[in-house]
Amino acid sequence: MSRPRCCRRIVGLPACKVFKPMGLHLDDLEAVSLSLEEYEAIRLADHEGLYQEDAAARMGVSRQTFGRTIEKARAKVARALVLGCALRIEIPEAEAGAPSAEREFLCKACGHLWKATCGPGGPAACPSCGGDDFRRTCCTGTGSPCAHTPSPDQL
């Protein structure tokens, strides 16, 4: 049995959700879907030029998970470019909506528990100690890449 999927930190939403070849109608094209997680991996690795280890840390995943994610994302982008497909970035409805709900975070370094209203991703640092080693205390699964409640040893 596999482990529950962890939350991915995603900093922001893309400026555009669909890219397509010029002069063709979107309805006539095959679409390639890129997840928000895959978009973030491309943004960190290819746009910001981060090494996989650094990008993985920013997303809150292992280097191996990041490597698999960026590999899938690059293959999808290449398919869209080579075959002339539309590239659609899938954004969960809850992430695309207006104000986001409050989420609760726990700092592993100092034990500080706080709530933050934020969109995709999460706070940059603990408001108490400034550390970046914190986790959400409970993932709702609504509009989130994961749908698990971390066990106490994950907190």
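In the predicted model, the side chains of Glu48 and Arg58 form a salt bridge with an N to O distance of 2.9 Å. Glu48 belongs to the loop between H1 and H2 and Arg58 to helix H2, so this pair ties together parts that lie 10 residues apart in sequence. Glu48 is partly exposed, its relative accessible area being 35%. Arg58 likewise falls in the partly exposed class, at 39% relative accessibility.

Together with Glu48 and Arg58, the residues Glu40 and Arg43 are linked in a network of salt bridges.

The axes of helix H1 (residues 36–47) and helix H2 (residues 52–59) come within 10 Å and cross at roughly 135°. This angle lies between 115 and 145 degrees, so H1 and H2 are oblique to each other. The crossing of H1 past H2 is right-handed. On the H1 side the contact is made by Glu37, Glu40, Ala41, Arg43 and Leu44, and on the H2 side by Ala55, Arg58 and Met59. By class, the residues of this contact comprise four nonpolar and four charged, with no polar ones. Among the charged residues at the contact, Glu40, Arg43 and Arg58 are also members of the salt-bridge network.

The search over the whole structure gives six salt bridges. One of them pairs the side chains of Glu30 and Arg79, at 2.5 Å from N to O. Glu30 is located in the loop between strand E1 (18–19) and strand E2 (31–35), whereas Arg79 is part of helix H3 (residues 63–83); the pair therefore ties together parts that are 49 residues apart in sequence. Both partners are partly exposed: the relative accessible area is 44% for Glu30 and 37% for Arg79.

Note on methods. Residues are numbered from 1 along each chain as its sequence is written. This is a predicted model: local features need pLDDT of at least 70, side-chain atom pairs count only at pLDDT 80 or more; totals for chains, interfaces and linings use all residues. Side-chain values use heavy atoms; hydrogens and water are left out. Axes are lines fitted to C-alpha atoms, for helices over the stretch in contact, and angles run from 0 to 180 degrees between N-to-C directions. Helices (H or I, at least four residues) and strands (E, at least two) are DSSP runs, numbered from the N terminus. Angles under 35 degrees count as roughly parallel, over 145 as roughly antiparallel, 65 to 115 as roughly perpendicular and the rest as oblique. A crossing is left-handed if the near helix is turned anticlockwise from the far one by less than a right angle, and right-handed if clockwise. Contact means heavy atoms within 4.5 Å. Ala, Val, Leu, Ile, Met, Phe, Trp, Tyr, Cys and Pro count as nonpolar, Asp, Glu, Lys and Arg as charged, and the others, Gly among them, as polar. A salt bridge is a side-chain nitrogen of Lys or Arg within 4 Å of a carboxyl oxygen of Asp or Glu. Buried means under 20% relative accessible area, exposed over 50%, partly exposed in between (1.4 Å probe, protein chains only).
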